[in-house]
Amino acid sequence: MSSNSIHIDPLEKKWIWAVSAIVLLTWVVQLYYAIADGIHPPSNVEVVDSAKLHLTEEFAEANLGVKQEADGSYTVTMVAARYGFYPPLIEVPVNTPVKLRIASFDVLHGLHVPGSNMATMVVPGYVSEVTTAFTKTGDFPMICNEFCGLGHDYMYSKVRVLAKQ
Amino acid sequence: MSMTAQISTASGVSHVDAKVKASGDSLGIWAMRVAFIALVVGLPMGLFQAAERSGLFPWMENTAVYFASTTTHGVLLAFVLTTFFAMGFGYHTMAHSINKKAFFGWIGFWISLVGTLIAAVPMLTGAASVLYTFYPPEMAHPAFYVGATLLVVGSWFWVADMLIGFTQWKRENPGKPVPLVMFATAINALMWGWTSLGVASEVLFQLLPVSLGLMETLDPGLARTLFSWTLHAIVYFWLIPAYIVMYTIMPKAAGGRLFSDEMARVSFVMLFIFSVPIGFHHLYLDPMQAAGWKLLHMFGTFMVAIPTFITGFTVIASMEIAGRLRGGKGLFGWIVALDWKNPVVLAAILSLLMLTAGGWGGVINASYSMDVMVHNTQWVTGHFHLIFGGTTVIMYLAGAYWLWPKITGHALYSQALAVWQLWLYAVGMVILTGPWHALGLAGQPRRVSSTPYDQFPEMVASWSTYELLMIIGGSMIVVSGFMFIFNLCKTASSKVVATEAEAKVEYAQAIHPPIRVPHLLNSFTFWNWAMFAYMIISYGYPILQFAFIGTPGVIPWGY
Amino acid sequence: MKLSLTKSLLASALIFSLGITANAHETKTAAVGPSTNVAWTAEMMRFVAKGDLGNGARLNAEAFCASCHGHAGIAPSPNWPSTAGQRAEYTFKMLKDYKEGKRTGTAHNQLMQLAVMPLSDQDMADLAKYYASFPLPSLPVGVTHDAAKAKDASKMIVRGDGSRFIAPCQSCHGSKGEGAITDTPALAGMPPEYFIKTMQEYRDGIRTNDVFSRMRLIAKELSDAEIEAMAHYYAGMTAK
């Protein structure tokens, strides 16, 4: 009596093959979009001293805000600090690559512009970087979505997406 | 090989010693009492939170109370209810399925209980409003971390007990399959041991020292990485007891057979190995881990669909057997023919429906590409309330309805009340979590006590209908929770003796009770090594990197 | 640093005369460099936490801080802040900001700049620790708060105003006005006139040592009535 094989009902066996094929499909699809379209979650491993942000060159108060790069893309430099995103209004053009670089001055924050994939965690000690393009013009909220203290509810800022000139 | 008839042990022993039964029953019912007290205290807090967040009751709005409530609600329902239920169910199962008395027994129970009470003080007084994930650098009062540590340490004694009993029985019964119910209980204990090391490391090496002032700074990135080690498999620690009820209790309660004992084992070992080393889908949007590692974890995360779908197939097939044995005909007639008035059967049906809905939501969360759209929105909170509060906890309730008569010796006070309670709970859960998912897609962030985004009034206004529905759903759940507790209390104090069928502990029999099962489905040695290797691959570098990337330490903050 | 009675009298005469003759009108400080050079690393927190209370008490008396800020940190006049019970990190940062030219432009700021000139970092930490050792201050003698006005402020204090991106004051400054880590100041018992003046200076861009302009952005959105109400709310927090 073999103890190394088990009895699997034929229908269940078909089911397992089908499910495995679906799982394989999910792998392939995600891998495809990662490679072909660069769809990755924000994963920029870069350390920074959160306590000294205002004394660095990149996150100095005078350097925060929106800048246009030579290749036509935009870089937005921001700081998350209880209880706001600074600067509280950023203006970027529609359908243009926007790279957000943001760091926390104090505790854990998160941000999301609803309806877009402009979203990231902001972990003190690390610089978060997320690149995307806004596809609709208008005013949108950038909302803190990780508990950062008793004022967390109030932490949000505004993103204004402008039509291209 | 002996030619005498071999008896399948797959569904359990036929005799339980009196002392073993007494110990298993006592530990079982007391641990579950703690679990269900936590449930009934935690549920109304959830309703309060839904009501406060809606903005419809300005007089009750108080941010400090809200976040103390959220923390307590989360800890009670996600940590206390679950750990104590697993412990109680496990002790009872070990006694009745393999006739083994727990070695440590009450030690673990008391350590966990004392820990819970120690943590309760700062939580209830607003000194630990760090939520049940307690992400640093926000720090709670040190008593919170001490209490949480003790809760986990107590559970480790339970883990040891389950594995000791499992190993002893195997030694005494060489070559025989460990009863499925005990195999699954033991593998759940083993998995909990493996996964709790993550949060234990975070608390021991980072949170406790900083909260006590022994260390000045910590790395929140490392803390979140260690917590992610625990964060996914802990939901399987919660879910597997529910699956155990579905596989080993429900088929018999339904009047049928378990469709496949071996595939159940396959499912459990796959859940074991694909539970711990895949935690990075909780860190998809975190900056301190590179995309490659997140991708690797994604592959493993999706693998868990296979044992989930195997479970769905096997459990539903088992139900079909029962339905057809009860006279159900045609493609769907067996569904109607099932014993919908049996609490265990009803709970399993409702649980599977919620698993289907909640599971698909989980696929979005697990998606390397799509999580960014839902991360930390209310979609995630809706998801885990449906899949945990719904799918998992309803099976705990079913388990209680099954166990209380067996342990107390009294008939269940009211089967009708139990049936109504389960319906109310499930419908309430759907009304609560359906809109909750929609709220997340409509942009509402997580962990807020109010929604003052008043530069965007249309967005905020669009949320109010969902919030109202959530209050209705939450109210239904709270009422059903009280119905549940009432039924159990009345059962315990009842004078009506349980019938023999109600009182006897019998596990489901498989259609083909295996005489032998492959070594891989009857022992943990290989799986331990596999887990070790998989953990090195998936967490080795991601944790090691913190030793040399030079993150400047972060000081502790209040909230 | 020991000062003889004569020297201290001469020094105080000098400072007061400078205060009178200095630019009488308030000027906007130019935004040069970071709003503060103080960074709350663990080392900095530890440095301030280790301040010497005894030396702080001595400095308070001998460097004539007490003449404006009071012997027990309760200001004798509503024009100056009480320092009793103030968070040590905040006091230290203010002293450093004065010394490094991050708080300039008004007569009082110039006075403080002169006052801190002889202080070392250790002296500042000692003074900060000394003031922090007191309970939150009652109002100066003769100064009262208007309870009716205070009531008007409670919505902003407790619920803020999301439409102006303003979090509740208490979410940073504490439900008892006690301040919070790292350098969010205690406001309880602050004389109303000083509170109002401070908020106006933030609003008008005269006071600029708040990192990332957090207070400036808030103050710009507040009306005079709101500022006044808040002033009385905080002033009344330590009233018996």
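Me: In what order do the elements of chain C run from the N terminus?
Reply: They run α-α-α-α-α-α-α-α-α-α-α-α. That comes to 12 helices and 0 strands. Helices (H or I, at least four residues) and strands (E, at least two) are DSSP runs, numbered from the N terminus.

Me: What am I looking at, and how is it numbered?
Reply: This is a predicted model, where local features need pLDDT of at least 70, side-chain atom pairs count only at pLDDT 80 or more, and totals for chains, interfaces and linings use all residues. Residues are numbered from 1 along each chain as its sequence is written, chains are lettered from A and ligands numbered from 1 in the order in which they are written, and side-chain values use heavy atoms, with hydrogens and water left out.

Me: How much of chain C is buried?
Reply: Of its 240 residues, 52% are buried. Buried means under 20% relative accessible area, exposed over 50%, and partly exposed in between (1.4 Å probe, protein chains only).

Me: And the accessible surface?
Reply: About 10,700 Å² for chain C, with 61% belonging to carbon and sulfur atoms. Areas come from the Shrake-Rupley method with a 1.4 Å probe; for residues, only the protein chains shown count as cover.

Me: What share of chain C contacts join residues at least 24 apart?
Reply: 75%, among contacts between residues at least 6 apart in sequence. Contact means heavy atoms within 4.5 Å.

Me: Switching to backbone. Which residue has phi near 45°?
Reply: Phe64(C), a positive value in a non-glycine residue. Phe64(C) sits in the loop between helix H3 (53-62) and helix H4 (66-69) of chain C. Most residues other than glycine have a negative phi.

Me: Where is Phe212(C)?
Reply: In the loop between helix H10 (192-203) and helix H11 (214-221) of chain C. Phe212(C) also has a positive phi, about 60°.

Me: Which residues of H11(C) are buried?
Reply: Arg214(C), Met215(C), Arg216(C) and Ala219(C).

Me: What covers them?
Reply: The cover includes E2 and E3 of chain A, together with helix H9 (169-173) and H10 of chain C.

Me: Which peptide bond by Tyr83(A) is cis?
Reply: The one from Arg82(A) to Tyr83(A), with omega near -10°. Tyr83(A) is in the loop between strand E2 (74-81) and strand E3 (84-86) of chain A.

Me: And what joins Tyr86(A) and Pro87(A)?
Reply: A cis peptide bond, omega about 0°. Pro87(A) is in the loop between E3 and strand E4 (89-93) of chain A.
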